[in-house]
Amino acid sequence: MSGVEGMLPVTVPNRRVRATYDRVAGLYAHTIARFEAPSQRRAVAELDLSPGDTVVDIGCGPGRVLPALADRVRPTGEVLGVDAAPSMLAQARRRAGRTGVTGRLSLTLGDARRLPVADGAVDAVCVFDVLDLFTRGDLERVLDECHRVLTPEGRLCVVTMDRASIADSTFLRAYEWAYRRVPRFETVGCRPIPATAVLQGADFAVQSVTRLRRGGIWPVGVFVCTPAGAADSPTG
Ligand SMILES: C[S@@+](CC[C@H](N)C(=O)[O-])C[C@H]1O[C@@H](n2cnc3c(N)ncnc32)[C@H](O)[C@@H]1O
């Protein structure tokens, strides 16, 4: 994958990252996930879903955006939440029950690198605050899986910390410092990635980028992409 120079390496295996998220699912659901949710709901709006669409949320965690996704594809569409941490799925299941969207929603234990989804089966894929967990090799695997499951006209929406913003953001520089220096920080995994290069390197055409600041300080990018070569892509 070219253009990713400067991206910090992930040195802990993904199974340890998953195990950490599994342990902290309850706490995560009520703290960080709550803080992330408004920007993720904005990303859902940018994805421009239609009634009847099928959408997968990869690494859905406690499922805070699943009701918004289900709302957009109703009455006939379907939402699939996939996560590798059983406790995260338990949180998502409880939330789905409370919000009454269970009929249009499936939750599946699965690995983003081997999605339990058929080829060409979905109109949209969401990867919200997840892509920045993976090693270079796993980034390629996950994005290959996104290609595999999307229809040719499908869309991928990624929310991530973007390394392109690092010069303008004390928060991101401090975050990278902590990622390198604080023991066990890597087991919760996320670090800024050069998102455009990563996505283009995996044969996605970036159609739009929206930059948001969570709580006024935490910058994230919302990237809406199509498979490169799709009729309406800029490189198309
Ligand atoms: C930072 S959390 C984001 C959760 C959710 N998207 C959100 O923003 O609230 C990362 C999620 O990725 C999941 N995860 C980590 N590695 C994974 C893998 N290989 N396959 C699927 N999910 C994974 C974790 O269990 C966790 O729920």
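Helices (H or I, at least four residues) and strands (E, at least two) are taken as DSSP runs and numbered from the N terminus. The structure described here is a predicted model, in which local features need pLDDT of at least 70 and side-chain atom pairs count only at pLDDT 80 or more, while totals for chains, interfaces and linings use all residues. Residues are numbered from 1 along each chain as its sequence is written.

Turning to the ligand, H1 supplies the largest share of its shell, four residues. In total, 24 residues surround the ligand, with Tyr 21, Gly 59, Gly 61, Ala 85 and Ala 112 the closest; a residue counts as near if its C-beta atom, placed from the backbone, lies within 6 Å of the molecule. Two or more residues of the shell come from each of helix H1 (14-30) and helix H2 (32-46). The shell divides into 13 nonpolar, four polar and seven charged residues, where Ala, Val, Leu, Ile, Met, Phe, Trp, Tyr, Cys and Pro count as nonpolar, Asp, Glu, Lys and Arg as charged, and the others, Gly among them, as polar.

Next comes the sheet. Seven strands form an open sheet with mixed pairing, in the order E3-E2-E1-E4-E5-E7-E6; two strands pair if DSSP finds at least two bridges between them. Strand E3 (105-109) and strand E6 (204-214) are the edge strands, each pairing on one side only. Within the sheet, strand E1 (residues 54-58) and strand E4 (residues 122-128) run parallel and are joined by three bridges. In this pair, Val 55 stands opposite Ala 124 in E4.
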